[in-house]
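Trainee: I have a model open and would like to go through it with you. Could we take it piece by piece?

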Amino acid sequence: MSGHTHAPAASSGAGSQRTRLVVVLALTSTVMVVEVIGALISGSLALAADAGHMLTDVAGLAIALVAATLALRPATAQRTWGYRRAEVLGASVQASVLLAVGILVLVEGVRRLLDPPPVQATAVVVFGAVGLAVNVVGLLVLVRGRGSSINTRAAFLEVLNDALGSVAVLASAVVIATTGFQRADALASILIAVLIIPRTLSILREATRVLLESTPRGLDLDSVRAHLLELEHVHAVHDLHASEIVTGLPVLSAHVVVDDSCFHDGHAPRMLDALQACVAEHFTVSIEHSTFQLEPLTHHRHEAPTHA
């Protein structure tokens, strides 16, 4: 016995995510090419680091776009949730690649800090400003949908990191132009790496939580069990599990032991309604996809020992 599904709404949301990702992918690809040219002209590691960051973003956004497209595919008998979890896999790949780039930039930045090459500050300012302007447009495109999907949130963080990186690039160019302090470029590249690494670790942790089917953040299963036990006719709750298929799609299942009379007086359907309403409406994390197995007391006595 389970709750209702909401596939049309999910498909609509995935379609909206896909449109945003297409726009941002085009913008980021353009900026990447511009910054590669700027890095070659100016000799700036910070600009090259930002371009390298954008190269991984282009790959990451392409992965995110593929994941969002797969999420639109319908469920089948072999894949009962369709390809919804593809977005979590996509976010994991994005974050892993970005983490590797962050470490490489950090190492190269330290090397250049010890032996700084000359940098053409004027060219860095021009190309950095172009990158920042386009990144701001990309952020505006993604900002409304970033809370609906870990996939879109990973893409948003990548573009945000790019924007912050562009700011660091511009700041280093201004310092070099006004003071001649060439190590400012290496310091800016190290700052970009420091901005990249913690955010990618955050995305990896969240993606891992979903893949390991951990209890959704903000949901206390002990509280859920206690509240279910307060319902009339309920004697015990076991095999209680909650997880997320993807971000924003929590699911819950449980075996609920009720009075034997519920199966004879027609009260079982009302019990199911009460249980589903409880997990959908009472808690901060609303669970609309719930499955409950109602068991009479006589069945509970020979139920196989289980956890939870």
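This is a predicted model: local features need pLDDT of at least 70, side-chain atom pairs count only at pLDDT 80 or more; totals for chains, interfaces and linings use all residues.

Trainee: In which helix is the place of Gln-94?

Mentor: Residues are numbered from 1 along each chain as its sequence is written, and side-chain values use heavy atoms, leaving out hydrogens and water. Helices here are DSSP runs of H or I with at least four residues, strands are E runs of at least two, and both are numbered from the N terminus. Gln-94 lies in the helix spanning residues 86–114, α3.

Trainee: Does Gln-94 count as buried or exposed?

Mentor: Buried means under 20% relative accessible area, exposed over 50%, and partly exposed in between, with a 1.4 Å probe and protein chains only. Gln-94 has 2% relative accessibility, so Gln-94 counts as buried.

Trainee: Which residues of helix α7 are buried?

Mentor: Helix α7 covers residues 221–229. Its buried residues are Leu-221, Val-224, His-227 and Leu-228.

Trainee: Within what arc do the buried residues of α7 fall, seen down its axis?

Mentor: The arc is taken from the directions from the helix axis to the C-beta atoms. The buried residues of α7 line one face of the helix, because they fall within an arc of 125 degrees.

Trainee: How many bridges join β2 to β3?

Mentor: Two strands pair if DSSP finds at least two bridges between them. Strands β2 (residues 250–258) and β3 (residues 289–296) run parallel, and the number of bridges joining them is 8.
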